[in-house]
Amino acid sequence: MGGDWVPPGVDLSVPSAARMYDYFLGGKDHFKVDRERAEQVIQGFPDVREVARANRAFLGAAVRAAAEAGVRQFIDLGAGLPTQGHVHEVARPIRPDTRVVYVDIDPVACAHARALLPDAATAVVDADIRRPSDVLDAPEVRELIDWSEPVALLLISVLHFIDDADDPAGIIGAFTGRMVSGSHLAMTVATGNEDHDTSRLVDAYKGSGTGSGGLRSPQQIADFFTGFDLLAPGLVDVFDWPEPSAEQRPDRAIRLLAGVGRRP
Ligand SMILES: C[S@@+](CC[C@H](N)C(=O)[O-])C[C@H]1O[C@@H](n2cnc3c(N)ncnc32)[C@H](O)[C@@H]1O
């Protein structure tokens, strides 16, 4: 990690999904424990870095689609460490008046994100999305989000850290229940491949500081979009949104399904 500074609340013996993801993306905000666990994931999922980059590219494409449709407020749940193409950087060239609230449970991600906020129309909330009211009642959300106009809710590569017992559909509903017509819901969620044993991989994420909801079926993921119309091309492999990729893909043990829904 750059420098020796460790924010309060960080246990250096516990890996963090946020910092492992930063490692996959080639960032510098991770500790030894994160790198070791990330290498374990790479053993079971050798092209995880490529998938992480595709996931990040999808986030950009989904934000652009929402901004081009006129959305100018975003809530990014499980936003992670600031990396290239943060939501405000993508949306503002299209909608300069964009407001963004970034939410994450990881203290390192929140501290770094806060340090890089460009202005008062962007904010970071350090919260556990398993308690949606902690997010919804946060002063930053009350101040920046006007629920009477469309909102884009982003859940990019975060729902696989939420256990079924924590009611992911209920978490999504706590936000979408407030979202008016024209609002967007964008997510990527991990799904398995029945030809592969994914247990080692799911185990590698256990104890990385969050729940480990694991993998979900395409139908379960589609159900998360209830009340939203999926934009073309629908719920597809993250490499294929918004256009099918020309690349010949390997037979991955795990795929990320990506979709963007619009509230009619
Ligand atoms: C794989 S990263 C994805 C980061 C970013 N959304 C992206 O796709 O580029 C998952 C993020 O979700 C965060 N996260 C996991 N469980 C969470 C929870 N219960 N509440 C808030 N954030 C959570 C992690 O800290 C991590 O930053």
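Let me begin with a definition: on a 1 Å grid over the protein atoms alone, a cavity is a set of points where a 1.4 Å probe fits but cannot get out. Grid points are joined across faces, edges and corners, and a volume is the space filled by probe spheres set on the points.

The model before you is predicted, so local features need pLDDT of at least 70 and side-chain atom pairs count only at pLDDT 80 or more, while totals for chains, interfaces and linings use all residues. Residues are numbered from 1 along each chain as its sequence is written, and side-chain values use heavy atoms, with hydrogens and water left out.

By this rule there is one cavity of 30 Å³ or more. The largest cavity has a volume of about 40 Å³. Its lining, meaning residues with an atom within 4 Å of a point, includes H86, Y102, D104 and C110. Seven of the lining residues are nonpolar, two polar and one charged.

I turn now to the ligand.

Which atoms of D104 and the ligand lie 2.6 Å apart? They are a polar side-chain atom of D104 and an oxygen atom of the ligand. The side chain of Y21 also places an N or O atom 2.6 Å from a ligand oxygen. For D128, a side-chain N or O atom is 2.8 Å from a nitrogen atom of the ligand. The protein buries 99% of the 600 Å² that the ligand exposes when taken alone, by the Shrake-Rupley method with a 1.4 Å probe.

Methods
A polar contact is a pair of N or O atoms within 3.5 Å; within protein, one must be able to donate a hydrogen and the other to accept it, and residues adjacent in sequence count only if both atoms are side-chain atoms. On a 1 Å grid over the protein atoms alone, a cavity is a set of points where a 1.4 Å probe fits but cannot get out, and a pocket is an open set with protein on both sides within 12 Å along at least five of seven lines; lining residues have an atom within 4 Å of a point. Ala, Val, Leu, Ile, Met, Phe, Trp, Tyr, Cys and Pro count as nonpolar, Asp, Glu, Lys and Arg as charged, and the others, Gly among them, as polar.
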